[in-house]
Amino acid sequence: MPENHAPLGIYLHIPYCPAKCRYCDFFSRPGCRVVPQDYCDALVRELCKNNCRPDTLYFGGGTPALLSPAQAAQLIEAADPLPGAEITLEANPDVVTLETLRGFRTAGVTRISFGVQSANDAQLRRLGRTHTAAGAAQALQWAVEAGFAEICGDIMLALPGYTNAEFDRTLALLKAGGCTHISAYLLKIEPGTAFSKNPPADLPDGDAAADFYLYAVGRLEEEGYPQYEISNFAKPEHRGRHNLLYWDCRDYLGLGPAAHSCLNNLRSFWPAGPGAVEAFIAGTLALEAEGVCDAGDYLMLRLRLRDGLDLAQYSTRFGGTLNAQQMEFIRHCVAAGYAEFDGQVLRLTPRGLLVQNGIVSELMANE
Ligand code: SF4
């Protein structure tokens, strides 16, 4: 790779799912068992307009595991990733078989990411998930058999009636299944979801949710998955390279309705909503501009990472500096246990990451 190579990530949105999970506000069409070929052809059409080979390729959704291995191969070939590229595909445990996982691996997928969420079947039913804990364990075992060296699992925290024991059982399932990377998210009730219309009973309050998060961070660390981002934890050398491009304000190209791009610090997105899939297939969906990625975005995104914000990089890449008021606020954050600062790099602690939005807002307000 040439030294001056600017890394590029490509995201492909696959907006089809077997069913709609009750908490989900992602743009996806439920009731699907396959991905229509004309949608893949539209992605190929857009990929062919790009002439820069990506370092990472990410199939997100939706449920990208509804693609056939042949469709995944078609899309990977059109994306033309660099040798050694990370190629991730999101999957639901009940959508894959050993055969399809082997097919994805042969197609070039290097990293498989399962939405496991919980090891409690009653909880999974409450969330509207269509798999069981046993199904998740089976899918993870098949991923190992299919030859995946990078296996990811998602866990949702602070679910209705949640306990640390439910977290421990879910973590044990993922660890035993060979996961190299774990994402752990707090449940958020998003507008427009089934949960927003009929909220589940027995939801933990904000303080309890914060305790579940801090418990999860500690247990993941103990089990060999140190935190590297607010919601992401990985064994050494297994961090997700694609999402790290987002958090370091690098270039990424998103294709498909609801996909976002940032190229040369200019942001844009494909609109989602009724008719967006048909318009994307027809080639009539217009990309919308979303503004510029600036020093504030870099500060906000870098403070999601445990590696933090390096002030020299902040200055070199975006001309950013911290003024006296901001430094005073940072001293308060350090004293309160929310941050660490060695004069060069500002890092939020797990307690600080819990209130990262508030810390960033305060820093921006004092710009
Ligand atoms: S959470 Fe995932 S599987 Fe469930 S509806 Fe949303 S995109 Fe589909």
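The chain is divided into domain 1 (8–245) and domain 2 (310–365), the bounds coming from an automatic or database domain assignment. The structure is a predicted model, in which local features need pLDDT of at least 70 and side-chain atom pairs count only at pLDDT 80 or more, whereas totals for chains, interfaces and linings use all residues. Residues are numbered from 1 along each chain as its sequence is written.

The centres of domain 1 and domain 2, taken over C-alpha atoms, are separated by 30 Å. Six residues of domain 1 are in contact with five residues of domain 2, contact being defined by C-beta atoms, placed from the backbone, that lie within 7 Å. On the side of domain 1 that touches domain 2, helix α8 (residues 206–222) gives the most, with four residues. Helices (H or I, at least four residues) and strands (E, at least two) are DSSP runs, numbered from the N terminus. The residues of this side of domain 1 comprise five nonpolar, one polar and no charged. In this classification Ala, Val, Leu, Ile, Met, Phe, Trp, Tyr, Cys and Pro count as nonpolar, Asp, Glu, Lys and Arg as charged, and the others, Gly among them, as polar.

The largest nonpolar core has 100 residues, and those with the most contacts inside it are Ile112, Ala143, Leu157 and Ile182. Because domain 1 (8–245) and domain 2 (310–365) both give residues to this core, it lies between them. A nonpolar core is a set of buried Ala, Val, Leu, Ile, Met, Phe, Trp, Tyr and Cys residues joined through C-beta atoms within 7 Å. A residue is buried if 20 or more other C-beta atoms lie within 10 Å of its own, exposed if 12 or fewer, and partly exposed in between, with C-beta atoms placed from the backbone. When residues up to four places away in sequence are not counted, leucine 157 touches Phe167, Ala184, Tyr185, Leu186, Leu187, Phe212, Tyr213 and Ala216.

Strand β5 (residues 150–157) is mostly covered, eight of its eight residues being buried. From β5, Glu150, Cys152, Asp154 and Met156 point one way, while Ile151, Gly153, Ile155 and Leu157 point the other way. Strand β4 (residues 111–117) runs parallel to β5 and is joined to it by six bridges; strands are taken as paired if DSSP finds at least two bridges between them. Within this pairing, glutamine 117 has isoleucine 155 as its bridge partner in β5. Six bridges also link β5 to strand β6 (residues 181–186), again in the parallel sense, with aspartate 154 standing opposite serine 183 in β6.

A further three strands form an open antiparallel sheet in the order β13-β15-β14. β13 and β14 stand at the edges, each with a single partner strand, so one side of each is left without a neighbour in the sheet. Strand β13 (residues 309–310) is joined to β15 by two bridges: leucine 309 is partnered with leucine 346, and aspartate 310 with valine 345. Strand β14 (residues 339–341) pairs with β15 over three bridges, and alanine 339 stands opposite leucine 348. β14 and β15 form a hairpin with three residues between them, and glycine 343 in the turn has a positive phi of about 95°. Strand β15 (residues 345–348) has a covered face, Leu346 and Leu348, and an uncovered one, Val345 and Arg347.

The ligand is surrounded by Cys17, Lys20, Cys21, Cys24, Phe26, Ser28, Gly61, Gly62, Thr63, Asn92 and Gly115, a residue being included if its C-beta atom, placed from the backbone, lies within 6 Å of the molecule. By class, this shell has four nonpolar, six polar and one charged residues. Glycine 61 and glycine 62 are joined by a cis peptide bond with omega of about 15°, and glycine 62 is found in the loop between β2 (56–61) and α2 (69–79). Cysteine 21 is 9.4 Å from arginine 125, C-alpha to C-alpha, although the two are 104 residues apart in sequence. Arginine 125 belongs to helix α4 (residues 121–127) and is exposed, with 12 other C-beta atoms within 10 Å.

Most residues other than glycine have a negative phi, and most peptide bonds are trans. Aspartate 80, not a glycine, has a positive phi of about 55°; its place is in the loop between α2 and β3 (86–91). With 16 C-beta neighbours inside 10 Å, aspartate 80 counts as partly exposed. Alanine 258 likewise has a positive phi, of about 80°, and is placed in the loop between β9 (251–255) and β10 (260–263). Alanine 258 is buried, with 21 other C-beta atoms within 10 Å.

Methods:
Contact = placed C-beta atoms within 7 Å.
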